[in-house]
Amino acid sequence: MSDLINLKELTQTDFEQLMVSWGQAPFRARQVQKWLFKGATEFNAMTDIGKEVRHLLQEKSYISQLALLARRRSADGSEKFSFGLSDGEVIESVLIPENDHYTLCLSSQVGCAQGCRFCLTGRRGLTRNLSPAEIINQVLAARSLVGKRQAISNLVFMGMGEPLDNFANLVKALTIILAPWGLNFSYRRVTVSTVGLAPLIPALGHAIRVNLAVSLNAPNDALRSQLMPVNRKYPLAQIIEACRAFPLPPHRRITFCYVLLQGINDTPSHARELSRLLQGFRAKINLIPFNPDSCLPFKRPTPEAVLAFQDILIQKHYTTLIRESRGADISAACGQLAGEVQRDIPP
Ligand code: SF4
């Protein structure tokens, strides 16, 4: 397949140029893209495309897809999809039902190099980056699995991988996800989450308009460096400066995520320190009580500790939500994606 063109990775302009180079009218590109991003999986389904063009497409290009390996539904309604890639690797995406729509949590890499201590993906290390088409295909596959039940209208890059470690492919995938000729998502409903690769935070905002979430998890460098090795390279002061340089659209806020770990980062003094750290920010804080996993040495905080932590931040006028990570019973919650489909197949 190496000489064939992966059509889902072409922008509209690239596709039009390709058509012209094949001696075809540029509008054919728009017709084909319409089919591709509606989820067509074969050229023969493209009924308004002439035989000659379909034949050319078949000969010179292909429609990439993901193979569904497993699908598990949590008691809380969320679903985890395990997808096989063409080289045999496995990634996971999580579908989260909200009141009137779905949010899809996407992976950006196979594994992850960042090694956050509270995360199973981090423990397995990085295998490779996902291509733009592998990112886009998670959305298309989930759409076809959901059918017409409800729209998938929100995307969050909080699955396997650190999205900014795969910057070029991420930006290309986002370009297609947001384009009216592509998947046509509103930028207000697409969020990229990072552990804080400081130089790439403003770079992301200048490359494409999306929401930013930063996974903080500790209010000082000593503790953060213990939990997240990335902090040794990019300490909190650099991350905060990078967030201030992020070109935030009007009326938008940066989301700061904070996984609460019992006895580690969940005390009132941590909450006060966090509030000082974020002073002056247009910030929203999401507190995520940790979901215990037998492979990880952390405990879930008590409900009282979570509420006390939230209260302190609310008193300091931060919008602070407690977000229950969904799908813990199917290893689909934050930090539980391991891409090991064997682990998830029921006996
Ligand atoms: Fe990687 Fe995110 Fe896990 Fe950290 S929390 S190891 S960045 S997947």
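Predicted model: local features only at pLDDT ≥ 70, side-chain atom pairs only at ≥ 80, totals over all residues.

User: Which element gives the most to the side of domain 1 that touches domain 2?

Analyst: Nine residues of domain 1 are in contact with 12 residues of domain 2. On the domain 1 side, the residues divide into one nonpolar, five polar and three charged. The element that gives the most to this side, with three residues, is helix 2 (residues 27–38).

User: Which residues come nearest to the ligand?

Analyst: The shell around the ligand has five nonpolar, six polar and one charged residues. Of the 12 residues around the ligand, the nearest are Cys 112, Gln 114, Cys 116, Cys 119 and Gly 122.

User: Let's stay with Cys 119. Is Cys 119 buried or exposed?

Analyst: Cys 119 sits in the loop between strand 7 (109–111) and helix 4 (120–124). A residue counts as buried if 20 or more other C-beta atoms lie within 10 Å of its own. Cys 119 has 24 other C-beta atoms within 10 Å, so Cys 119 is buried.

User: What covers the buried residues of helix 6?

Analyst: Helix 6 (residues 167–178) has 12 residues and reaches 16 Å from its first C-alpha to its last, close to the 16 Å expected at 1.5 Å a residue. Its buried residues are Leu 170, Lys 172, Ala 173, Leu 174, Ile 176 and Ile 177. Their cover includes helix 5 (132–146), strand 9 (152–157) and strand 10 (190–194).

User: Which residues is Asn 217 in contact with, leaving aside its neighbours within four places in sequence?

Analyst: Asn 217 belongs to the loop between strand 11 (211–215) and helix 8 (221–227). Asn 217 is buried because 26 other C-beta atoms lie within 10 Å. Beyond those sequence neighbours, its contacts are Arg 224, Leu 227, Met 228, Tyr 258, Val 259 and Asn 265.

User: Now the backbone. What is the phi of His 251?

Analyst: Most residues other than glycine have a negative phi. His 251 lies in the loop between helix 10 (236–244) and strand 12 (254–260). Its 7 C-beta neighbours inside 10 Å are why His 251 counts as exposed. His 251 is not a glycine, yet its phi is positive, at about 65 degrees.

User: And His 317: is that residue buried or exposed?

Analyst: His 317 is found in the loop between helix 12 (303–315) and strand 14 (319–322). Phi of His 317 is positive, near 70 degrees, in a residue other than glycine. His 317 has 8 C-beta neighbours inside 10 Å, so His 317 counts as exposed.

Terms used:
Residues numbered from 1 in each chain as written. Contact = placed C-beta atoms within 7 Å. Helix = DSSP H or I, 4+ residues; strand = E, 2+ residues; numbered from the N terminus. Nonpolar A, V, L, I, M, F, W, Y, C, P; charged D, E, K, R; others polar. Expected span 1.5 Å × (residues − 1). Buried ≥ 20, exposed ≤ 12 C-beta atoms within 10 Å, placed from the backbone. Near = placed C-beta within 6 Å.
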